[in-house]
Structure formats: C-alpha cells, structure tokens
Amino acid sequence: MKERMRNQLLCSFFLLVGLAFSGAQGQQLQETAHHIFELTNQDRSARGLPPLRWNVTLAAAAQAHADWMVREGAISHRFPGEPDLLTRAAQAGAHFQAIAENVATGPRADAIEEEWMHSTPHRTNILDPKMNALGVGVGERGGMVYAVEDFSESSEALNLQQVEQRIRELLRAESIDPSAPAAQAEAACPAGSSMPPGPKSMVRFQTPNLQELPPQVAAQILNGHFVRAAVGACAPDASQGNFTVYRVAILLY
C-alpha cells in the first residue's frame, strides 16, 4: 500500500514537473516570436517604414508551419501533405490583398533576423511598404529556433453599404453626384447581369483598392458627359478565396 502511494506521488511529481517545463518552454517560445516581431519592426523603422501590426490569424498560420518544420527538422515553405501558404492563411481566418512568408532556423531571434536581412528575397518581404500585418510562429529542436514570418497587406472588413459609400466619396471628388438610387446598380452588379434602362453607361469591376477609382471608371468619367451616378456593391467572385476584393457596379447618367 505504501509502495503504491509512493509510486502515485512520484508520478504526480513528474507530471507537475513536465507541465511546468512545457509551460516555461511555451512562454519562452512566445517571447522569441514577439522578439522577432519587434526586430522586424525595428528594421522597418530604421528605413522610415511604418510598423507592422501583430495579426493573430497570421500568427496561427505561421505557428502551424513552424510546428511542421520542427517535426521535419528542416526549413521549407511547404512540405509534402501540407497546405500551401494561401490555404494555411485562409484556414486560420486571414483576409488579405497580398501575402508573403519568411522561414529560417538559427540559434537566437537576432541571428535569424540578421540572416533574413542579408537575404534579398527575405529582406524584400520585411521592407515591403505595402505590407501592414505580421504574424510570427516559432519552435525549437536541438537547441535551434525554427521561425516563420507571415506578412500580409490586410484591409478593412467592409460591408456592402460601406463599400458603396467609399465609391460615392470618390465619385464626388470627380464632381459626379452619386445620389441616384442604388437598387438598379445593386441588381446590375453580379456578373452576367445586363445594363438596366435609363443610364447612359455602366461600369462593373472588382478591385482590392477603395482609395481610388479603377482606370476604366476614370476613363468613362473623363470621356463622357456624366453628372449623376448610382453605386451598387455585391459579393465578389468566389474564386478570389480569402483575397480581399470588392465588386461594384456604377451606373452613369
């Protein structure tokens, strides 16, 4: 009886030690990931670039790939049987206009960052002015750190009404009154829809950028004698996956 109790106590002790080690190791890896994040932003800041925001969905995708590299004991952007970067990021819930990845292994966070900065493609990702979000995942094997950086150009999650409002603001800047009722434009927005009676012209497009009108819209405004418009937004083409794009129809009067 005493021997069994002693064995149970020993098992409990070793279980607690294992959990404590796992927790401490997890905390250390988390600190390493955030250190890499900080070093990357320091390198951007030193060159006058804005800092990247930490993105939890990208971090989840990066961590899943870092865990895979640790299991393989190698670095790669994709292993046999593993989803590619776009799929990993989408499965983690990321939405983006552009995405890129750095991978490396090294003894410390600063050594890994230095390695990336001395490699043209990796440095290009770090210093890409279009990128605005970053997630980092790390693992450890044999005293070496395996690190993954997933970058993205992420954008706001806008509903259809917000998309329409952004386009109306751009049209006002071109002296076009965008106050025509939206219903006809919304009905004409899906691919394959015909132009309704009434407007002089219709432009239908998909764009990732709501900061400026697409060239085909600007050309129509420049070449036509339009004073009024209706704006309608609809769901984008499903083939775009998790790339952030907006589908819009503009009826010009």
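Biologist: Is R168 buried or exposed?

Modeller: This is a predicted model, in which local features need pLDDT of at least 70, side-chain atom pairs count only at pLDDT 80 or more, and totals for chains, interfaces and linings use all residues. Residues are numbered from 1 along each chain as its sequence is written, and side-chain values use heavy atoms, with hydrogens and water left out. Buried means under 20% relative accessible area, exposed over 50%, partly exposed in between (1.4 Å probe, protein chains only). With a relative accessible area of 15%, R168 is buried.

Biologist: Which residues is R168 in contact with, leaving aside neighbours within four places in sequence?

Modeller: Contact means heavy atoms within 4.5 Å. The C-alpha atoms of R168 and P178 are separated by 5.4 Å, although the two are 10 residues apart along the chain. Beyond those neighbours, R168 is in contact with P178, A182 and V231.

Biologist: Within what arc do the buried residues of α6 fall?

Modeller: R168 is found in helix α6, helices being DSSP runs (H or I, at least four residues) numbered from the N terminus. The buried residues of α6 are V163, E164, I167, R168, L170 and L171. They line one face of the helix, because seen down its axis (by the directions from the axis to the C-beta atoms) they fall within an arc of 160 degrees.

Biologist: Which exposed residues does the face of α6 turned away from its buried side carry?

Modeller: An α-helix has 3.6 residues a turn, so residues three or four places apart point the same way. On α6, the face turned away from the buried side carries the exposed residues Q161 and A173.

Terms used
Helix = DSSP H or I, 4+ residues; strand = E, 2+ residues; numbered from the N terminus.
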